Amino acid sequence: MAKFRKEGGKRLPAISTASLPDIIFMLLFFFMTTTTMKENTMLVDLDLPEATELTKLEQKSLAKYIYIGVPKRELQKQNGTEARIQLDDAFARKPSEVGTFIATKRGAMSEADQSKMIVSLKVDKDTKMGVVTDVKQELRKAYARKIYYTSKERTNKY
Amino acid sequence: MKKREIQEINASSMADISFLLLIFFLVTTSMATDKGLFRTLPPPVDKKEKPVDAEVNKRNIMMVLVNSNDKLMVNGEVMDVSKLKEKAKEFIDNPKNASNLPEKELIDVPFIGKSRVTTKHVISLQNDRGTSYQAYIAVQNELVAAYNELRNELSVSKFQGRKYAELTEEEQDAVKLYYPLKISEAEPKNYGQVAGGAQ
């Protein structure tokens with residue numbers, strides 16, 4: 001009887017995975033270019049208020065962030081349960097520290113960008129306006145007049 | 001002599017390495033873009049200077065007060081947030097040229113031509129220290145919505161049905177000149193404890 005097939009002659013070749021790293025690298029670069037690093041670790045609980053008429057914050061490099069809210073549970077022993085202001089990675093002891101914070105941030109920016117600085121206020125929705133007003137007054141004194149009330153998108157209007 | 005073949009570098013772990021990097025970046029970065037209400041604060045007040053706001057005619061001001069219970073009062077009457085937008089639109093536009101609404105001034109607006117515009121209107125927003133941030137943002141939002149709707153209506157009627165967002169920058173500036181955003185945030189006062197704030 002004639003032999004038609006060689007033993008094991010026509011096995012399926014293994015799928016080449018040589019291009020896999022390239023694909024993954026492409027994904028990697030995509031994510032590296034489209035995203036930004038997390039600005040800060042949060043020390044306060046934030047639940048942003050909802051609004052409909054939102055505009056996008058276009059240039060993130062110009063934005064400086066101020067967080068206001070109740071400290072996270074594990075930090076409440078030292079910091080209390082009242083709304084606090086978070087600047088960078090620490091709580092501000094009093095609102096007047098906002099002025100120094102703005103000055104240092106402004107100093108770190110290039111001169112051309114300094115006037116374009118935007119302060120993004122990320123404030124918990126249950127915060128009382130008293131703290132926010134204090135911060136706003138400090139921002140006015142520091143001539144950081146462009147502010148951003150960061151909010152969540154709400155789909156249904158009243 | 002048998003020539004030694006140069007061995008190929010094994011690249012099979014490359015995928016794992018790049019996966020690791022990818023996951024690292026996915027975890028440390030945030031994709032979500034920030035959205036919010038943009039506002040420019042007034043410059044700081046000089047203590048030597050006396051406030052000049054007394055000169056503004058009463059018909060040109062819409063007083064919006066939010067108290068510590070998040071209740072709203074507009075020009076002395078209690079109002080629900082849901083009705084604020086319509087009220088604000090009527091105030092900004094003054095379509096019937098009513099005498100109790102802002103006075104109009106004839107100005108030359110590019111693309112639109114000479115039009116009577118309420119240039120002097122001011123929406124004055126005051127809040128208590130006890131107002132919640134959510135209520136404050138809701139009021140701000142309704143006021144901005146009033147402006148946005150008016151601007152949209154104007155641009156649809158004057159620019160061949162195009163919406164405000166679809167206009168060129170110059171055309172948007174013209175619409176902005178027609179309906180200038182004038183929300184003033186008054187100097188903070190503490191209404192919660194002190195009875196009856198001075199106006």
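How many strands form the open sheet, and in what order? The views below belong to a predicted model, in which local features need pLDDT of at least 70, side-chain atom pairs count only at pLDDT 80 or more, and totals for chains, interfaces and linings use all residues. Residues are numbered from 1 along each chain as its sequence is written, while chains are lettered from A and ligands numbered from 1 in the order in which they are written.

**View 1. An open sheet built from strands of chains A and B.** The sheet has 7 strands in the order β3(A)-β2(B)-β8(A)-β7(A)-β4(A)-β5(A)-β6(A), with mixed pairing. Strands (E, at least two residues) and helices (H or I, at least four) are DSSP runs, numbered from the N terminus; two strands pair if DSSP finds at least two bridges between them. Strands of a sheet pair through backbone hydrogen bonds, either parallel or antiparallel. The edge strands, β3 and β6 of chain A, each pair on one side only. Helix α5(A) packs on the sheet and touches β4, β5, β7 and β8 of chain A; its direction makes about 155° with that of β4(A). Angles run from 0 to 180 degrees between N-to-C directions, and axes are lines fitted to C-alpha atoms, for helices over the stretch in contact.

**View 2. Strand β5(A) and its two partners.** Strand β5(A) (residues 84–87) is joined to β4(A) (residues 63–69) by 4 bridges, and the two run antiparallel. Within this pair, Tyr67(A) has Gln86(A) as its bridge partner. Another 2 bridges join β5(A) to β6(A) (residues 90–91), also antiparallel, and here Leu87(A) is partnered by Ala90(A), while Gln86(A) stands opposite Phe91(A). Arg84(A) and Gln86(A) point one way from β5(A), Ile85(A) and Leu87(A) the other way, and all are buried (20 or more other C-beta atoms, placed from the backbone, within 10 Å of the residue's own). The hairpin of β5(A) and β6(A) has 2 residues between the strands, and Asp88(A) in the turn has a positive phi of about 50°.

**View 3. The meeting of chains A and B.** Here 47 residues of chain A are in contact with 44 residues of chain B, contact being C-beta atoms, placed from the backbone, within 7 Å. On the side of chain A, α5(A) gives the largest share, 9 residues. That side divides into 22 nonpolar, 12 polar and 13 charged residues; Ala, Val, Leu, Ile, Met, Phe, Trp, Tyr, Cys and Pro count as nonpolar, Asp, Glu, Lys and Arg as charged, and the others, Gly among them, as polar. In the antiparallel pair of β3(A) and β2(B), joined by 2 bridges, Thr55(A) stands opposite Gly36(B).

**View 4. The crossing of helices α3(A) and α5(A).** The axes of the two helices come within 8 Å and cross at roughly 45°. They are therefore oblique to each other (angles under 35 degrees count as roughly parallel, over 145 as roughly antiparallel, 65 to 115 as roughly perpendicular and the rest as oblique). The contact is made by Val98(A), Gly99(A) and Ile102(A) of α3(A) and by Val135(A), Glu138(A), Leu139(A) and Lys141(A) of α5(A).

**View 5. A loop residue with positive phi.** Most residues other than glycine have a negative phi. Tyr143(A), in the loop between α5(A) and β8(A), has a phi near 55°.

Note on methods:
Contact = placed C-beta atoms within 7 Å. Buried ≥ 20, exposed ≤ 12 C-beta atoms within 10 Å, placed from the backbone.
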